[in-house]
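Reader: I am new to this structure. Could you take me through its pockets and its salt bridges?

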Amino acid sequence: MSTFAAVFAPNGKTWRGTELELGDVEVIDDVTDMMLDFAADRGSDLSLLLVEADDEWFAIVRTGDDGEEPRVYLSDARVVHDHPLASVLSDAGGLGTAAPADSAGTRPDPMPDGDGDLLTDLGMPEDELRSLSVGGGVLPGDVLAVVAERAGFGDLLDGMRL
């Protein structure tokens with residue numbers, strides 16, 4: 001399974017980011033500790049984690065909203081049955097679990113779940129995020145590129161993905 005994960009935090013008007021290895025995480029605290037440490041090192045309270053796995057699904061995690069629990073958005077709730085990281089993120093976000101694909105492996109349209117409003121203040125309204133999540137022919141990496149561009153760190157993400 002190929003997974004890309006990167007955390008981003010603003011320092012004034014400039015965003016910084018770094019790739020993260022999330023293969024060993026077992027609980028959300030493992031993830032949020034890395035995110036909060038990265039943000040604190042940059043003098044920020046806000047951090048965003050973008051995750052993309054196997055060109056199948058993506059997740060966005062946000063920390064730093066007045067000490068609240070992390071906010072999580074998952075592009076397809078059905079993947080929690082197949083991907084341990086998706087399961088960890090789903091548990092943390094209080095997301096529901098959708099039934100997995102049937103035995104024939106058919107997967108109708110994705111079933112987004114979570115806090116679709118977590119990026120509204122960064123230029124990505126909930127209805128647009130959900131629409132991109134279920135849009136036919138749109139790869140998860142492409143959605144994350146749009147998210148990053150709107151938030152102001154598109155070039156930084158592009159440089160990591162090369």
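Reader: How much space lies in the largest pocket?

Author: This is a predicted model, and the value is computed from it. The pocket is lined by 22 residues. Among those nearest its centre are E56 and D76. The space in this largest pocket is about 290 Å³.

Reader: How much space lies in the second largest pocket?

Author: Its lining has 13 residues, with T3, E21, L22, G23 and L85 closest to the centre. By class, the lining has nine nonpolar, two polar and two charged residues. The space in the second largest pocket is about 210 Å³.

Reader: Which element supplies the largest share of the lining of the second largest pocket?

Author: Two elements give two or more residues: β1 (3–11) and α2 (84–93). The largest share is three residues. It comes from β1.

Reader: How many salt bridges does a search of the whole structure find?

Author: One joins D115 to R71, with the closest N and O atoms 2.6 Å apart. D115 sits in the loop between β6 (113–114) and α3, while R71 is in strand β5, 44 residues apart. The search of the whole structure finds seven.

Reader: Are D76 and R78 buried or exposed?

Author: D76 forms a salt bridge with R78, and their closest N and O atoms are 2.6 Å apart. D76 is also one of the residues nearest the centre of the largest pocket. Buried means under 20% relative accessible area. Both D76 and R78 are buried.

Reader: Why does the pair of E128 and R150 tie together separate parts of the chain?

Author: The two form a salt bridge, with the closest N and O atoms 2.7 Å apart. E128 is partly exposed at 25% relative accessible area, and R150 is partly exposed at 39%. The pair ties together parts 22 residues apart in sequence because E128 lies in helix α3 and R150 in helix α4.

Conventions. Residues are numbered from 1 along each chain as its sequence is written. This is a predicted model: local features need pLDDT of at least 70, side-chain atom pairs count only at pLDDT 80 or more; totals for chains, interfaces and linings use all residues. Side-chain values use heavy atoms; hydrogens and water are left out. On a 1 Å grid over the protein atoms alone, a cavity is a set of points where a 1.4 Å probe fits but cannot get out, and a pocket is an open set with protein on both sides within 12 Å along at least five of seven lines; lining residues have an atom within 4 Å of a point. Grid points are joined across faces, edges and corners, and a volume is the space filled by probe spheres set on the points. Helices (H or I, at least four residues) and strands (E, at least two) are DSSP runs, numbered from the N terminus. Ala, Val, Leu, Ile, Met, Phe, Trp, Tyr, Cys and Pro count as nonpolar, Asp, Glu, Lys and Arg as charged, and the others, Gly among them, as polar. A salt bridge is a side-chain nitrogen of Lys or Arg within 4 Å of a carboxyl oxygen of Asp or Glu. Buried means under 20% relative accessible area, exposed over 50%, partly exposed in between (1.4 Å probe, protein chains only).
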